[in-house]
Amino acid sequence: MAQGHHTQAPAHAVDERNLHRKMMRRILPFLFVCYVVSYLDRVNVGFAALTMNAHIGLTATSFGIGAGLFFLGYFLAEIPSNLIMMRVGARLWIARIMITWGLVSAATAFVTGPIQFGIARFLLGLGEAGFVPGVFLYLSLWFPSAVRARATALFLLGIPVANIIGSPISGALVQVEGFGLAGWQWLLILEALPAVLLGIVCLFVLTDRPEKARWLTRAERDVLIATLAAEKAAIEKKHPMTLAQALRNWRVLTLTAVNFCAIIGSLGIGLWLPQIIKQLGLATSLVGVVTAVPYLCGAVAMVVWGRLSDRGRDRTIYPAISLFVGAAALVASALTPTPLLTIAALCVAVMGINSFVATFWAVPSGFLTGRAAAGGIAMIVSIGNLGGFAGPYLIGLVRDLSGGFTAPLLMVGGILLLGALTMLAFGRQVRRAALPAALPA
């Protein structure tokens, strides 16, 4: 336990801004690194495909189906995984998740055909299921609503950073051969090992709840616990929900649909981006470097947009604007006349999609708590993540039918537009529902 006179400090002596910064320094760097590794192991098949597809006989359609089967496994295990984490704690469960996905990701290097590739991706989804919604739930147990979007955005910076760091590395590894293994096999094996190591470290780093945090003073724990309890009580009073009610609540179902559209764009483009850029005429050695550029832009956009969201009164408008920007930019990328303009438009598209991710998850945590939060958030993630199956599959199918990426990019832009309009309608309905309570009696 913490020692010294600080443990006896009165609650009013605690500077909550310093407390929040202390929590972010202690919790977010580790979770951020874990997410970088998670996202890298999820999408590195996009680089592996540059040589793997020909090696094991994958067409564009079969690659899209196999890559997307990850999200079918993810969907099936997501809600049970989150409910188990509520019982056993984040430290043990996140460690289990990471070790499992690392081992399965490495094993993917030894598939020999489309069926084995699909099975490996499905098992990887089962193994990783629960990590992202588990972290969202974990952050809701630690960070008050005033800083939760910022904390979530910092965690989700792992998406662009995984691509910024991983794209050049993956682009280089896919060209390396040795000891009887092709470059795509070394890529999958070497990028899986950190997940296993971080899973072991997780057992020593994470603290399940503020009540167990020996790295906080007693006064800091008391203030944090009181703040979170007050917010939880206010949410439960305004939106009392059981787990069963949460799973059929119109807010949860609508946000699930929005997330589905967004993930079609995020992971559909993410898994295909190396091949989209390759088709612009770049050498394989340059694909990784150029692929990192949109995600560098996306990383900056995530931080800025997350901060603006924390300052705003209406949480719903920020993810809606993000999807509008992503949709418009994808349409522009399909119609631009030069490779440079195409890459510029893809940068803006990734900025929009990543800004959505940075601000969207502050919305459900504003009306879900306890088991309703565990199940509701898991449902939004799991069903939404079926977009991770639909996106790669649809892009591969339309590309095979059309012979290029123009039609797939237009299609995904239209889906993002649908998500933006749905999010706007959601926000309008939420404001209408809140209006009577705001009027004088």
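## Cysteines

Cys34 is buried, with a relative accessible area of 0% (buried means under 20% relative accessible area, exposed over 50%, partly exposed in between, with a 1.4 Å probe and protein chains only). This is a predicted model, in which local features need pLDDT of at least 70 and side-chain atom pairs count only at pLDDT 80 or more, while totals for chains, interfaces and linings use all residues. Residues are numbered from 1 along each chain as its sequence is written, and side-chain values use heavy atoms, without hydrogens and water.

The structure holds 0 disulfides, a disulfide being a pair of cysteine sulfur atoms within 2.5 Å. Cys34 has its nearest cysteine sulfur in Cys202, 6.1 Å away. For Cys347 the closest cysteine sulfur is in Cys297, at 4.1 Å, too far for a bond. Cys347 also counts as buried, at 9% relative accessibility.

## Nonpolar core

A nonpolar core is a set of buried Ala, Val, Leu, Ile, Met, Phe, Trp, Tyr and Cys residues joined through side-chain atoms within 4.5 Å. The largest one has 129 residues, and Phe131, Trp142, Phe143 and Phe155 have the most contacts inside it. Helix α1 (residues 16-43) gives the largest share of this core, 14 residues. Helices are DSSP runs of H or I with at least four residues, numbered from the N terminus.

## Helices α14 and α15

The axes of α14 (residues 284-311) and α15 (residues 317-335) come within 10 Å and cross at roughly 150°. Axes are lines fitted to C-alpha atoms over the stretch in contact, and angles run from 0 to 180 degrees between N-to-C directions. The two helices are therefore roughly antiparallel, a term for angles over 145 degrees.

Definitions and conventions:
Angles under 35 degrees count as roughly parallel, over 145 as roughly antiparallel, 65 to 115 as roughly perpendicular and the rest as oblique.
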